[in-house]
Amino acid sequence: MTTVTLAGTPVEVDDEGFLQKPEQWTREMGEEMARSAGIEKLTERHWQVIDFMRKTYLDTGAAPSMRALGKTSGVAIKELYELFPKGPAKLAAKIGGIPKPRGCV
Amino acid sequence: MRRRYGAETEITVVDRDNRHVYQPDLLFVPFGLVAPDSICRPRSKQLRRGVEFRLGKVERVETEKNTVHLVGGETLPYDVLIVASGAELLPEETEGLTGPGWGATAFTYYSVEGAASLSKAMEGFEGGRLVVNIVDVPIKCPIAPLEFCFLSDWWLQKRGLRKKTEIVLATPLDGAFTKPVAARMLGELLEKKKILVEAEFATGRVDGEARKLHSWDEREIDYDLLVSIPLHGGSPFVESSNGLGDELGFIVVDPNTLQAKAAPNVFAIGDATNVPTSKAGAVAHFQAETLGENIQHFLAGEELEKSFDGHANCFIETGFSKALLLDFNYDVEPLPGKFPLPGIGPMSLLKESRLDHLGKLAFRKLYWHLLLPGRRIPLISAQLKMAGKDTSLLSSTKEGVTG
Ligand SMILES: Cc1cc2nc3c(=O)[nH]c(=O)nc-3n(C[C@H](O)[C@H](O)[C@H](O)COP(=O)(O)OP(=O)(O)OC[C@H]3O[C@@H](n4cnc5c(N)ncnc54)[C@H](O)[C@@H]3O)c2cc1C
């Protein structure tokens with residue numbers, strides 16, 4: 001666990017940069033994390049996925065898997081990969097300030 | 001239940017077919033080690049007297065009216081419902097998987113018919129690229145694909161084909177397993193056996209004509225023989241039953257009491273649930289204890305016990321008459337050690353041994369003669385025991401909840 005500064009505020013993140021306390025997150029932090037992951041600007045479509053991810057996590061305690069995301073976020077898997085190249089579930093979780101989703105055992 | 005309540009309870013088991021399959025043996029069918037017929041028995045014969053068996057397909061459950069609707073219009077009212085409808089294979093949900101080449105160069109051994117036809121294809125296999133692909137999780141027995149790789153390595157060596165064959169495991173996970181200590185140890189074993197791992201491979205489509213797997217992030221894997229573990233979902237009736245399941249059709253239950261969120265008199269067990277532990281027969285066995293007690297508590301109007309801890313216990317067949325054993329739960333990842341008796345075993349945890357292999361084979365008999373008739377296995381408790389486990393390999397940060 002380390003502390004980094006995002007959008008001017010110190011926050012706790014894990015080794016891979018996932019926020020450990022979702023309540024510390026702000027949209028500005030999301031934008032900053034997106035930029036460092038190579039996404040210049042978060043569009044409305046990006047936010048639809050990020051907000052959905054975050055809401056599911058806060059409601060249920062678990063981030064949705066990519067398959068669940070494709071079925072329920074209103075954005076199909078193909079587009080998810082266009083929006084968040086290299087692993088939409090992980091990247092959207094990171095930008096949305098929730099812990100890294102774990103595959104089911 | 002009948003032991004507890006005698007003839008005052010009526011128990012009805014509904015299933016759409018009368019063929020009970022010992023699924024762990026599906027692993028051995030492709031290698032000609034067991035015959036497909038030998039792993040199936042009539043369900044009706046496994047049930048004790050006093051338990052009615054009804055052949056019928058469930059269309060939906062109406063929890064507000066305590067009623068199960070069967071296809072054809074028949075209805076079954078209930079006081080308590082236990083959903084144990086397992087997981088379905090959904091190969092058609094992956095673009096191209098069941099198209100050209102399905103049953104010729106692409107197979108699954110997760111069904112009896114699939115395992116039998118793969119067995120024929122293996123018989124005629126002359127070497128090349130053998131790709132084992134987990135399309136996405138959750139799947140039944142998440143370590144079974146690793147076992148398939150290990151057994152393939154052994155089988156190909158025996159036939160003198162190993163030098164002519166590349167074995168590739170294409171998995172959506174970032175390693176061999178979801179938990180760090182086991183992932184590292186199993187990863188080393190795969191490496192030792194020269195099985196290539198293509199990690200974080202999220203399968204998007206299969207091109208059966210060109211014999212290629214494509215991932216969503218545009219990677220490609222060529223194959224000569226594809227062994228696919230297709231997508232899994234809950235039984236189709238779940239989607240038609242208001243509020244019962246999650247988006248994949250698994251029953252939403254309290255992970256510790258197994259009571260359904262949809263209604264207090266509905267419980268679920270086994271692969272049908274959404275609990276974040278392995279979909280394995282051993283898990284269903286441990287859950288049965290919690291379930292039995294909680295149904296009694298429910299009927300007596302008492303508070304339910306939060307006693308199910310996610311306990312899973314799986315043998316991993318590693319080839320050359322060896323196997324290793326994993327024992328874990330929601331909070332404790334698989335660790336090395338001895339099982340079930342601390343220091344003595346006789347089984348070893350997370351370490352290959354001949355005895356673990358014999359254990360896996362002996363389990364077949366235990367299954368039909370002890371487990372199905374509802375007897376207990378001596379020495380093995382429903383909850384995970386820490387005694388006998390080596391905790392020195394745990395990193396200090398606690399694992400997050402899986403899901
Ligand atoms: C290749 C393979 C290897 C495995 N190896 C192991 C192992 O080594 N160890 C281990 O512990 N586990 C192993 N498993 C997992 C184990 O087989 C399952 O976890 C176990 O069978 C789950 O039992 P269940 O009763 O929940 O589901 P199932 O056994 O799948 O039973 C579900 C039942 O519900 C019925 N059903 C579904 N829908 C309907 C409907 N609408 N109407 C009527 N009936 C319906 C089905 O016909 C089926 O009989 C393995 C599985 C596979 C595929």
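A salt bridge is a side-chain nitrogen of Lys or Arg within 4 Å of a carboxyl oxygen of Asp or Glu. Keep that handy for the exercises below.

This is a predicted model, where local features need pLDDT of at least 70 and side-chain atom pairs count only at pLDDT 80 or more, while totals for chains, interfaces and linings use all residues. Residues are numbered from 1 along each chain as its sequence is written, chains are lettered from A in the order in which they are written, and side-chain values use heavy atoms, with hydrogens and water left out.

**Exercise 1. Describe how chain B meets chain A.**

Step 1: Start with contacts (heavy atoms within 4.5 Å). Here 28 residues of chain B touch 15 residues of chain A.

Step 2: Look at the buried area, meaning the accessible area (1.4 Å probe) that two parts lose on being put together, summed over both. For this pair of chains that comes to about 2000 Å², with 59% from carbon and sulfur atoms.

Step 3: Count the salt bridges: there are three between chain B and chain A. One pairing to look up is Asp174(B) with Lys100(A), whose side chains sit at 3.5 Å, N to O.

**Exercise 2. Find out how many disulfides the whole structure has.**

Step 1: Set the rule: a disulfide is a pair of cysteine sulfur atoms within 2.5 Å. Searching all chains gives zero.

Step 2: Check a pair. Cys141(B) is in no disulfide, and its nearest cysteine sulfur, that of Cys314(B), is 5.5 Å away.

Step 3: Compare their surroundings, using relative accessible area (buried under 20%, exposed over 50%, partly exposed in between; 1.4 Å probe, protein chains only). Cys141(B) is partly exposed at 23%, whereas Cys314(B) counts as buried at 7%.

**Exercise 3. Decide which stretch of chain B to treat with care.**

Step 1: Chain B has a mean of 94, and 98% of its residues reach 70 or more.

Step 2: Now pick out residues 396–403 of chain B, where pLDDT is below 50. Beyond near neighbours in sequence, this stretch has 16 contacts in the model.

Terms used: pLDDT = per-residue confidence, 0-100.
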